[in-house]
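I opened this model to see how its parts are held together. I kept short notes as I went.

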Amino acid sequence: MNPLTKAQARVLSYIKTHVKKNGYPPTRGEIAQHFGWASKTAAQQHLEAIQAKGQIRVAPGLSRGITICAA
């Protein structure tokens with residue numbers, strides 16, 4: 001398995017923090033807003049890369065469908 005890039009690690013950390021604080025994962029829009037990205041597509045691309053590396057699962061069609069995989 002490939003390690004996460006620094007940007008991917010920051011996104012994963014944000015997701016974990018958001019879940020711990022709020023009890024549910026952030027939306028793609030919330031991720032984009034947090035990192036100052038102009039579009040949700042950037043967030044989606046990071047989520048897909050993190051998922052490909054086995055760190056999360058993203059349920060299609062659900063705005064808060066991010067599940068953190070056990071380490």
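**Ground rules**

I am working with a predicted model, where local features need pLDDT of at least 70, side-chain atom pairs count only at pLDDT 80 or more, and totals for chains, interfaces and linings use all residues. Residues are numbered from 1 along each chain as its sequence is written, and side-chain values use heavy atoms, with hydrogens and water left out.

**Entry 1: helix α1 against helix α3**

I took helices (H or I, at least four residues) and strands (E, at least two) as DSSP runs, numbered from the N terminus. Helix α1 spans residues 6–22 and helix α3 spans residues 40–52. I found them packed at an angle of about 95°, with axes 10 Å apart. Axes here are lines fitted to C-alpha atoms, for helices over the stretch in contact, and angles run from 0 to 180 degrees between N-to-C directions. Angles under 35 degrees count as roughly parallel, over 145 as roughly antiparallel, 65 to 115 as roughly perpendicular and the rest as oblique. So α1 and α3 are roughly perpendicular to each other.

Which residues make the contact? From α1 I listed A7, Q8, V11, L12 and I15, and from α3 H46, L47, A49 and I50. Contact means heavy atoms within 4.5 Å. I then sorted by class: seven nonpolar, two polar and no charged residues. (Ala, Val, Leu, Ile, Met, Phe, Trp, Tyr, Cys and Pro count as nonpolar, Asp, Glu, Lys and Arg as charged, and the others, Gly among them, as polar.)

**Entry 2: helix α2 against helix α3**

Next I checked α2 and α3, which pack at about 105° with axes 8 Å apart. This pair is therefore roughly perpendicular as well. R28, G29, I31 and A32 of α2 meet K40, A43, Q44 and L47 of α3. By class I noted four nonpolar, two polar and two charged residues.

**Entry 3: the core**

A nonpolar core is a set of buried Ala, Val, Leu, Ile, Met, Phe, Trp, Tyr and Cys residues joined through side-chain atoms within 4.5 Å. Buried means under 20% relative accessible area, exposed over 50%, partly exposed in between (1.4 Å probe, protein chains only). The largest such core has 12 residues, including V11, I31, A43, L47 and I66. Which element gives the most to this core? It is α1, with four residues.

A43 sits in helix α3. I read its relative accessible area as 0%, so A43 is buried. Beyond four places in sequence, A43 touches R28, I31, A32 and W37.

P26 lies in the loop between α1 and α2. P26 is also at 0% relative accessibility, and counts as buried. The C-alpha atoms of P26 and I66 are 7.9 Å apart, though 40 residues separate them along the chain.

**Entry 4: a charged pair**

Side chains of opposite charge can pair when their charged atoms come close. A salt bridge is a side-chain nitrogen of Lys or Arg within 4 Å of a carboxyl oxygen of Asp or Glu. How many did I find? The count is one salt bridge. E30 pairs with R64, with the closest N and O atoms 2.9 Å apart. E30 is in helix α2 and R64 in the loop between β1 and β2, so the pair ties together parts 34 residues apart in sequence. E30 is partly exposed at 24% relative accessibility, and R64 is partly exposed at 32%.
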